[in-house]
Amino acid sequence: MSRVELSVRTLALLLALVAPFACVATYGWEYSYSQYWETPLQPLFILSNIITAYYLFDSERWKVPAVFLVLLVGFSVEDYATIHNWMAVSFFIACAVPLMTTNHFKWILKPYILCIAIVFYDMLLAELIAVSCLVLFHGMMLYKYKRLNKQKQINNEQNQR
């Protein structure tokens with residue numbers, strides 16, 4: 001992975017993390033993240049989710065959640081609330097599968113699953129925690145990949161001497 005690609009991926013993760021909090025900071029606490037669709041921040045909602053889906057499509061394990069995320073954006077909460085909400089629930093459920101089957105950072109699954117209980121108390125809070133868990137997982141995977149590549153490069157340089 002090139003430096004540019006690493007930077008783009010890092011920016012995508014930052015956008016995925018910051019966008020929901022920016023919505024809350026700008027328009028206050030709504031019932032769910034999808035409610036910001038009905039605000040002037042709709043382009044941020046759409047852009048951050050599409051960029052996130054693009055990021056997820058790059059990994060075989062994350063393709064199904066990516067499809068649900070694209071479909072979620074494709075069906076507006078105003079005109080197709082039921083389909084939109086089913087896609088949102090499907091996205092979060094589909095994300096649990098790769099988190100359960102990975103060999104890395106399995107501890108993230110615990111706060112992620114805890115969001116199921118929180119959703120009955122406050123859906124937006126549950127979504128913010130779940131999104132933060134997903135971004136943290138992918139950020140740590142990206143960092144691990146970067147470290148392994150750097151170590152591989154150091155080993156190659158040593159072997160060439």
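**Labels and their grounds**

Modeller: H2 gives the most to the lining of the largest cavity, with 6 residues, and please keep in mind throughout that the model is predicted.

Biologist: What makes this space a cavity rather than a pocket?

Modeller: The label cavity is used because a 1.4 Å probe fits at its points but cannot get out, whereas a pocket is an open set. The structure holds 1 cavity of 30 Å³ or more, and the volume of the largest cavity is about 330 Å³. Its lining has 25 residues, with Asn49, Thr52, Leu69, Phe91 and Val131 nearest the centre, and at least two lining residues come from each of H1, H2, H3, H4 and H6.

Biologist: How does the lining of the largest cavity divide by class?

Modeller: The lining of the largest cavity comprises 19 nonpolar, 5 polar and 1 charged residues.

Biologist: Why is the contact between arginine 9 and aspartate 58 called a salt bridge?

Modeller: The closest N and O atoms of arginine 9 and aspartate 58 are 2.0 Å apart, and the rule asks for a side-chain nitrogen of Lys or Arg within 4 Å of a carboxyl oxygen of Asp or Glu, so the pair qualifies. This pair links distant parts of the chain, since arginine 9 lies in helix H1 and aspartate 58 in the loop between helix H2 (42-57) and helix H3 (63-74), 49 residues apart.

Biologist: Which other residue meets arginine 9 in a salt bridge?

Modeller: Glutamate 5 does, with an N to O distance of 3.5 Å, and both residues lie in helix H1 (residues 3-27), 4 residues apart, about one turn of the helix.

Biologist: Is arginine 9 buried or exposed?

Modeller: Arginine 9 has 11% relative accessibility, and since buried means under 20%, arginine 9 counts as buried. Aspartate 58, at 52%, counts as exposed because the cut-off for that label is over 50%. Glutamate 5 has a relative accessible area of 35%, which falls in between, so glutamate 5 is called partly exposed.

Biologist: What makes a set of residues a nonpolar core, and how many residues has the largest one?

Modeller: The residues must be buried, belong to the nonpolar types listed for a core, and be joined through side-chain atoms within 4.5 Å. The largest nonpolar core has 27 residues, and those with the most contacts inside it are Trp62, Leu99, Tyr112 and Leu134. H1, H2, H3, H4, H5 and H6 each supply at least two residues of this core, and the largest share, 8 residues, comes from H6. Tryptophan 62 touches residues including Leu56, Cys95, Leu99 and Phe137, with neighbours up to four places away in sequence not counted.

Biologist: Which residues of helix H5 are buried, and against what do they pack?

Modeller: In helix H5 (residues 109-119) the buried residues are Leu109, Tyr112, Cys115 and Ile118, and the buried residues of H5 pack against helix H4 (81-101) and helix H6 (123-160).

Biologist: What volume has the largest pocket, and which residues lie nearest its centre?

Modeller: The volume of the largest pocket is about 540 Å³, and among its 20 lining residues Ala88, Val89, Phe92, Val119 and Met123 lie nearest the centre. H4 gives the most to that lining, with 6 residues.

Methods
Residues are numbered from 1 along each chain as its sequence is written. This is a predicted model: local features need pLDDT of at least 70, side-chain atom pairs count only at pLDDT 80 or more; totals for chains, interfaces and linings use all residues. Side-chain values use heavy atoms; hydrogens and water are left out. Buried means under 20% relative accessible area, exposed over 50%, partly exposed in between (1.4 Å probe, protein chains only). Contact means heavy atoms within 4.5 Å. On a 1 Å grid over the protein atoms alone, a cavity is a set of points where a 1.4 Å probe fits but cannot get out, and a pocket is an open set with protein on both sides within 12 Å along at least five of seven lines; lining residues have an atom within 4 Å of a point. Grid points are joined across faces, edges and corners, and a volume is the space filled by probe spheres set on the points. Ala, Val, Leu, Ile, Met, Phe, Trp, Tyr, Cys and Pro count as nonpolar, Asp, Glu, Lys and Arg as charged, and the others, Gly among them, as polar.
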